[in-house]
Amino acid sequence: MENQSRVFAEILPAAAREFAVKEKEHGFEMRAVNSQNTGNVNQAREIQVTGTAEVCCPADRVSVRVNVANSKESVNEVTNSITRRLEYILQSVRQHGVSERDTSVRRFLHREAEQYHMEAEVKVTFSDFDKMERVCSVLLEKLDKSVCVGTPHFFHSAESLSQMRRRACVSAVENAQQKACEVSQLLGQTLGPPRQVREEETREWRSEDEENGGRCRDSAPLPHIPNIRASSRVSVSFSLRDRSRKKL
């Protein structure tokens, strides 16, 4: 999406003349109106700009659920069997640099006829997608049919969403400042410091999957890595200085 901005400038030079500048669809329209009120001469001159920006943020986290299950005639047998598999899974995860706080384990034991059945699930969250793929490959290769590796679930962390919102706002302010600078040069003025910055509107939405293009019809669908887009609209007021005015 192309960045846009809207501009309104009011300039009161020493001759007490007001200029209003509005950005139209294909350029700027400037009009001059004579002012009879000499009290406006000392009024501060400023330019008001509305700038917009849009940023995109891909998912930065992925979680994978690994399930193991077994049935034995006694509780101890089935517990020992599942525990050995869990220890191997957790060891493989640790060897790839995943911390304990990103790993959780659940167990469920119940009886089926004359046997005891235990199921266990290990949920692992990765910030490195390549590392996730290596761990899944190791588990599938070593444990084979005794383990079920679920489909990766990609998502956004709270930190990445917060950073995305800040980038959208900062980019909108930068766009507004750039446009205000160009307009002030057009009017023969020098852009001064900002007087007011106000974020008027923010939006967030999930973008459509753009990664399916070029994929073979018969190939299995790959896990989707979602993108979230954010837009920000800000209103910024800058003071204006006459270029001909000498610096004190």
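The following dialogue explains how to read several features of this predicted model.

Student: What kind of model is this, and how are its residues numbered?

Tutor: The model is predicted, so local features need pLDDT of at least 70 and side-chain atom pairs count only at pLDDT 80 or more, while totals for chains, interfaces and linings use all residues. Residues are numbered from 1 along each chain as its sequence is written, and side-chain values use heavy atoms, with hydrogens and water left out.

Student: How many helices and strands does the chain have?

Tutor: Helices (H or I, at least four residues) and strands (E, at least two) are DSSP runs, numbered from the N terminus. In this chain there are three helices and eleven strands. Their order along the sequence is β-β-β-β-β-α-β-β-α-β-β-α-β-β.

Student: What share of the residues in the chain is buried?

Tutor: A residue is buried under 20% relative accessible area, exposed over 50%, and partly exposed in between (1.4 Å probe, protein chains only). Of the 248 residues in the chain, 35% are buried.

Student: What share of the contacts join residues at least 24 apart?

Tutor: A contact means heavy atoms within 4.5 Å. Among contacts between residues at least 6 apart in sequence, 76% join residues at least 24 apart.

Student: Which residues touch the most other members of the largest nonpolar core?

Tutor: In soluble globular proteins, nonpolar side chains tend to be buried together. A nonpolar core is a set of buried Ala, Val, Leu, Ile, Met, Phe, Trp, Tyr and Cys residues joined through side-chain atoms within 4.5 Å. The largest core here has 24 residues, and Val66, Ile89 and Phe126 touch the most other members. At least two residues of this core come from each of β5 (61-72), α1 (75-95), β7, α2 and β8. Leaving aside residues up to four places away in sequence, Ile89 touches Val66, Val68, Val122, Leu139, Leu143 and Val147. A second, separate core of 13 residues includes Val49, Ala172, Val234 and Val236.

Student: Which rings form the aromatic pair, and how are they arranged?

Tutor: Rings of Phe, Tyr and Trp (its six-membered ring) pair if their centres lie within 6.5 Å; planes under 30 degrees apart count as stacked, over 60 as edge-to-face and the rest as tilted. The structure holds one aromatic pair. Phe129 and Phe154 form this edge-to-face pair, with 4.9 Å centre to centre and 75° between the planes. Because Phe129 lies in helix α2 (residues 129-143) and Phe154 in strand β9 (residues 153-155), the pair ties together parts that are 25 residues apart in sequence. Phe129 is partly exposed at 22% relative accessibility, whereas Phe154 is buried at 10%.

Student: How many disulfides are found?

Tutor: A disulfide is a pair of cysteine sulfur atoms within 2.5 Å. A search of the whole structure finds zero. Cys56 is in no disulfide, and the nearest cysteine sulfur, that of Cys57, is 7.2 Å away. Cys56 is partly exposed at 29% relative accessibility, while Cys57 is buried at 7%.
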